[in-house]
Structure formats: structure tokens, C-alpha cells
Amino acid sequence: MAKDVAVIGVGQTSFVRGYEGSIRELAFEAFREATQDAGITQKDIAASIFCSAPEYDKQRSPAGVLAEYLGLIPQPTFYIETVCSSSSSGLKVAYSMIKAGLHDVVAVVGFQKMSEITSAESQERMGRGADIQWEAPFGTMMPAYYALYAQAYMAKNGLTHDDLRDVRIKSGTYGQTNERAVYRKGVKASDFDPSNPDARMAGAVAWPLRVGDACANADGASCVILANAEKAKAFSKKPVWVLGIGAASEAVNMAARPDFAKGLSVGYGAAAEAYKMAGITAKDVKVAEVHDCFTIAEIMAYEGLGFAPMGDGKQLIREKATYKEGRIPVNVDGGLLSKGHPIGATGGSQIRTIVLQLRDEAGPMQVPGSPEIGLVHNVGGVGLYGNVTIFGR
Amino acid sequence: MGFEKFGRKSFTAMTKVSKFVDLLEEGKVEGSVCKQCGAKYFPPRADCAACMSKDMDWFEMPKSGKLETFTTAYYAPFGFEKDCPYIMGVADLGGIKLFARLAGDIKPEDAKVGMDIMIRPLKYDDGQMSFEIAKA
Ligand SMILES: [Zn+2]
């Protein structure tokens with residue numbers, strides 16, 4: 001396990017609906033927190049990387065605009081996009097630049113003000129991240145794509161609607177303890193019961209997925225500051241090292257996907273590469289953040305990451321193994337299902353959670369036993385891009 | 001031009017494989033096959049990623065297979081709202097797959113993973129051309 005590049009600072013805004021400010025001010029909040037966390041100023045940062053999904057941005061070429069507002073000029077700045085996994089991809093680029101010796105300290109800022117456009121516009125634009133030539137003409141939308149996976153997966157692997165509901169209940173349990181989450185109410189089984197007139201989550205969206213199976217749009221920003229070993233030791237009392245990075249991509253078109261019952265191929269592709277680089281196995285991971293834009297995505301991630309055998313992810317939620325006190329705690333910050341999913345900021349928020357866990361600073365969300373190795377699984381589109389990053393103390 | 005006639009509503013008018021729509025009008029659902037290396041593609045492509053050839057031909061897709069997965073949409077994007085609910089799915093036609101809507105006479109409760117299906121072209125009232133997954 002090479003300890004060459006470390007996270008020395010993390011920051012995140014609250015994820016909210018309708019942020020009362022511009023994208024500059026949103027990004028500033030996360031960046032300010034991360035620099036204070038690292039105990040550094042802009043002068044110490046050699047380069048910056050901004051990450052978002054451009055379909056939500058009214059501002060073109062946002063990296064330069066935000067770098068100026070954050071005080072990061074004249075250092076070079078870059079823009080990285082892989083939709084929902086943009087800021088994890090940004091971390092990979094920052095890691096590469098540091099390893100190559102180009103820059104010693106790099107800030108990765110993820111942001112998305114999804115409320116820049118109306119929710120109707122947002123639904124349509126989100127669909128543009130799928131195949132507009134061959135699939136959008138049928139009337140596709142994001143939940144429908146995940147529902148294709150859910151249907152085949154449930155038919156083959158015995159996963160039930162109750163299991164999916166229980167993923168959402170777990171998320172709600174922890175969302176209540178995360179003051180940065182957009183959705184902070186607990187979730188009960190009766191919320192999914194169609195015979196209950198007040199059931200908020202029971203309505204069908206794209207069957208078999210229901211309202212409660214989906215995460216919410218939100219505005220938010222995140223910031224992760226990385227440094228080489230020399231700078232990390234100079235600046236930080238508690239550096240968290242990047243031990244392994246894996247990434248994969250897959251055909252956009254559903255007609256070219258290998259096996260819907262096996263989940264997203266980018267999940268297991270990226271995981272295998274990250275484990276190999278870190279020189280560890282799934283058993284060594286003590287806390288994880290996985291991409292739960294839909295409940296089914298969390299179950300599929302359990303298997304792609306090797307926390308459960310293929311087809312058996314349901315056992316982890318049935319046995320509460322992914323609760324805070326369980327064998328492998330997953331999304332104990334409430335996940336995207338509770339936090340909300342500001343596309344470009346999502347990966348950085350997941351990384352922040354794992355960094356705080358490995359520093360024993362996660363407050364009410366802290367996993368007991370001082371975890372030494374944590375993992376972030378961040379997917380872009382419907383498994384179009386996959387990023388798995390492993391961190392250690 | 002020509003591809004604006006594809007689907008319930010097309011999002012792109014120009015592609016080198018717009019002949020796909022003309023073939024639909026002739027009642028054929030066709031993929032593309034590389035003349036150099038024999039790689040088969042659906043949706044069709046103008047270029048072969050297997051051997052980098054641009055020399056492609058058309059082949060008629062198998063007409064029958066099994067439904068690999070599906071979903072029923074209860075909400076829809078702009079321009080598709082009136083169709084709700086509608087079912088979309090992936091058919092496995094024996095090694096080559098195809099994504100499409102399921103025929104309107106298949107009720108959500110009747111669709112099943114693994115059911116036998118057939119592929120057929122479809123012409124909408126407004127002249128748009130598509131293809132659909134129907135009961136075998
Ligand atoms: Zn070829």
C-alpha cells in the first residue's frame with residue numbers, strides 16, 4: 001500500500017433545495033471549509049479541478065470562473081465531467097497530477113446547483129446523459145433505466161420490494177443524524193404501504209421502483225484537497241491516504257449491456273482494479289460509501305464491491321450487516337437517498353464522509369472501532385462510468 | 001436528414017445510418033454488420049469499433065427471442081406524457097439485444113422476465129417510424 005498521495009482537507013455545503021446564492025458562492029462554502037480543515041491558504045494550492053455535470057450549468061467554462069472567485073488564480077485550473085461521478089473522476093486526475101510530479105497540492109471542487117433550471121427541464125436534461133439517438137426516442141428517463149436493472153435483478157435473485165424499502169429505511173435512519181442532508185426525516189415501512197393514504201413513498205415511478213426508491217435533486221458543493229507525501233506530512237496531523245483507485249466505463253445503450261441481473265459492470269470492474277492497487281480485499285474495508293441514487297443501486301453495489309456474493313446482496317440488508325454496528329457499515333451518513341444528489345458534488349461528499357470516518361471525526365455517524373480502511377463507490381449515469389477509491393489512515 | 005422520423009420523437013436528425021428508418025418503412029428491423037471482420041451491431045453503426053473499418057452492411061435482426069428485462073413508466077419526459085403508462089424493455093434475440101417499447105396490448109401485469117417475444121416495425125399515426133417488442 002503506497003502512501004504517496006493524501007487527502008489533507010475536506011469540505012461540504014449542506015445539500016439543500018433552492019440554494020440562495022450563485023454557483024460561485026456555493027463552491028466557496030465547500031472550498032473554505034476544506035482549506036480551514038487542511039490549515040492552508042490558496043497560496044499553498046498548486047492547481048484546481050472543478051467538477052460538475054454541464055447540463056445543469058448556465059455558466060459555460062465554469063472552472064475558470066470559479067477558480068477566480070475562490071482566489072485560485074493564476075494557478076492552472078481544469079474541468080472534469082463524468083456526470084454523477086465527476087468529483088471522483090476529479091480525484092483520480094488530481095492523484096495522477098500529484099504522482100506525476102506536476103503539482104504538489106491540488107483542490108478538487110465538485111458543485112451542482114440543480115435548481116438553476118426547473119425540475120421539468122432537469123428531468124429532460126438528465127435523460128440527455130443516456131443515448132439520445134437510440135433510446136430517448138422511446139421516452140426513457142433515469143428511473144426507468146435503473147428499473148430495468150431492478151426488474152431483472154429481482155426476478156433472478158429473489159430480491160423483494162421489502163428489501164428495497166429496507167435500504168431506504170436504513171438511509172433514513174442515518175439521514176436524521178446528518179445535518180448536511182436535504183432529507184432528514186426517518187422512514188417507516190408504512191411510508192411504502194399503498195393501503196396507507198399518507199404513504200409518501202409508495203407511488204410507482206418506473207415500476208418496480210417507487211417514489212421512495214429514488215434520491216432527490218439538491219444543490220450542493222464539496223471540496224477535497226490532495227497533497228503529495230511531503231506536503232501532507234508538513235500540513236496535516238491526520239492525512240488520509242489514497243490507497244487504491246479503479247475506474248471503468250460501459251456502453252451507454254441498454255442493448256449492449258451484458259447481464260442486468262448481475263448489476264452494473266462498472267461497479268465490479270472498478271472495484272477489482274482498486275482492490276488490486278491497494279493490495280487488499282473486500283474483507284479489509286471497514287466502512288463504505290456506495291452510490292445509492294436508487295435503492296437497487298445500493299444492493300447491486302454490495303455485490304460489485306464483494307461485500308456479498310453475486311445475487312446475495314439482499315442478505316446484507318436483511319441481516320442489518322450494513323448498519324453502523326454491522327459487519328460492513330454502508331452509507332451511514334444517509335447516502336444519496338437522504339443527502340440528496342447534487343451531481344458534480346456527490347463524489348466529493350462521499351469522500352468527505354469516509355475521510356471523517358477514518359479520522360474518527362464523524363460525530364453521531366461515526367462507525368465504532370476506529371476504522372482504518374474505507375471505500376467510496378461512485379457511479380456516473382446508469383453505469384456509464386464507475387469509480388471506486390480506497391482510503392486508509 | 002431522415003432520422004427525425006425515428007421513434008415516438010427523435011432528438012437527432014442526421015446520422016450516417018438514417019437508412020435504418022427507410023428499412024423500417026419497408027418492414028425490416030436491421031442492424032449493421034462489418035464487411036471486413038463480421039462484427040454485428042444493434043443499434044446499427046456506420047463504423048466498426050472492432051477493426052476500424054467504415055465498410056458496413058445491413059442485416060435483418062432475428063425476429064424472436066426472450067424479454068430480458070422491462071419497466072413500466074408512470075411518468076414521462078416532455079412529449080411522451082400522453083403515452084403513460086408505457087412499458088420499455090430489453091429483448092435478447094439470441095446473442096444480440098434490442099431496446100424498445102413493448103406493444104400497447106401488453107398490460108404491465110402480463111409482462112414477465114423471460115417471456116417469449118417477437119420484434120416488429122411500428123408506424124405511428126403522425127408518420128413516425130419505430131419498432132416494438134410484441135407477444136410471441
Ligand atoms: Zn470490423
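Me: Where do I start? How are the donor residues of the zinc ion spaced in sequence?

Reply: The pattern is C-x2-C-x10-C-x2-C. Keep in mind that this is a predicted model.

Me: Okay, and which atoms coordinate the zinc ion?

Reply: They're the SG atoms of C34(B), C37(B), C48(B) and C51(B), at 2.3 Å.

Me: How do I read the arrangement around the metal, and why is it called what it's called?

Reply: As a general idea, the ideal angle for four tetrahedral donors is 109.5 degrees. Here the four donor atoms subtend angles of 101 to 116° around the zinc ion, so the arrangement is tetrahedral.

Me: Is C34(B) buried or exposed?

Reply: C34(B) has a relative accessible area of 3%, so it's buried. C37(B), on the other hand, comes out at 40% and counts as partly exposed.

Me: Now the nonpolar cores. Which residues of the largest one touch the most other members?

Reply: The general idea first: in soluble globular proteins, nonpolar side chains tend to be buried together. In this model the largest nonpolar core has 135 residues, and Y146(A), Y275(A), I296(A), F307(A), L98(B) and F131(B) touch the most other members. Helix α5 of chain A, residues 142-157, gives the most to this core: eleven residues. There's also a second, separate core of 38 residues, with V7(A), I49(A), V240(A) and V332(A) among them.

Me: Can we zoom in? What is I296(A) in contact with, leaving aside its neighbours within four places in sequence?

Reply: Its contacts are Y146(A), A150(A), Y153(A), L159(A), L164(A) and L209(A).

Me: How do I read a pair of packed helices?

Reply: Two packed helices are described by the angle between their axes and the distance between the axes. Take α3 (residues 86-99) and α12 (residues 346-358), both of chain A: they pack at about 70°, with axes 5 Å apart. That angle makes α3(A) roughly perpendicular to α12(A). On the α3(A) side, the contact is made by S87(A), S88(A) and L91(A), while α12(A) brings T346(A), G347(A), G348(A) and I351(A).

Me: What about α4 of chain A: which of its residues are buried?

Reply: In α4(A), residues 119-127, the buried ones are S122(A), E124(A), M126(A) and G127(A). They pack against α5 of chain A.

Me: One last stop, a loop. Where is T82(A) found?

Reply: T82(A) sits in the loop between β3 (77-80) and α3 of chain A. At 12% relative accessibility it counts as buried. Beyond its neighbours within four places in sequence, T82(A) is in contact with S89(A), G380(A), Y385(A) and N387(A).

Terms used
Residues numbered from 1 in each chain as written. Chains lettered and ligands numbered in written order. Predicted model: local features only at pLDDT ≥ 70, side-chain atom pairs only at ≥ 80, totals over all residues. Heavy atoms only, no water. Core = buried A, V, L, I, M, F, W, Y, C linked by side-chain atoms within 4.5 Å. Buried < 20%, exposed > 50% of the residue type's maximum accessible area, 1.4 Å probe, protein only. Helix = DSSP H or I, 4+ residues; strand = E, 2+ residues; numbered from the N terminus. Contact = heavy atoms within 4.5 Å. Donors = N, O, S within 2.8 Å, 3.2 Å for Na, K, Ca; no water. Tetrahedral: all angles 85-135°; square planar, octahedral: opposite > 155°, others 65-115°. Axes fitted to C-alpha atoms, helices over the stretch in contact; angles between N-to-C directions. Parallel < 35°, antiparallel > 145°, perpendicular 65-115°, else oblique.
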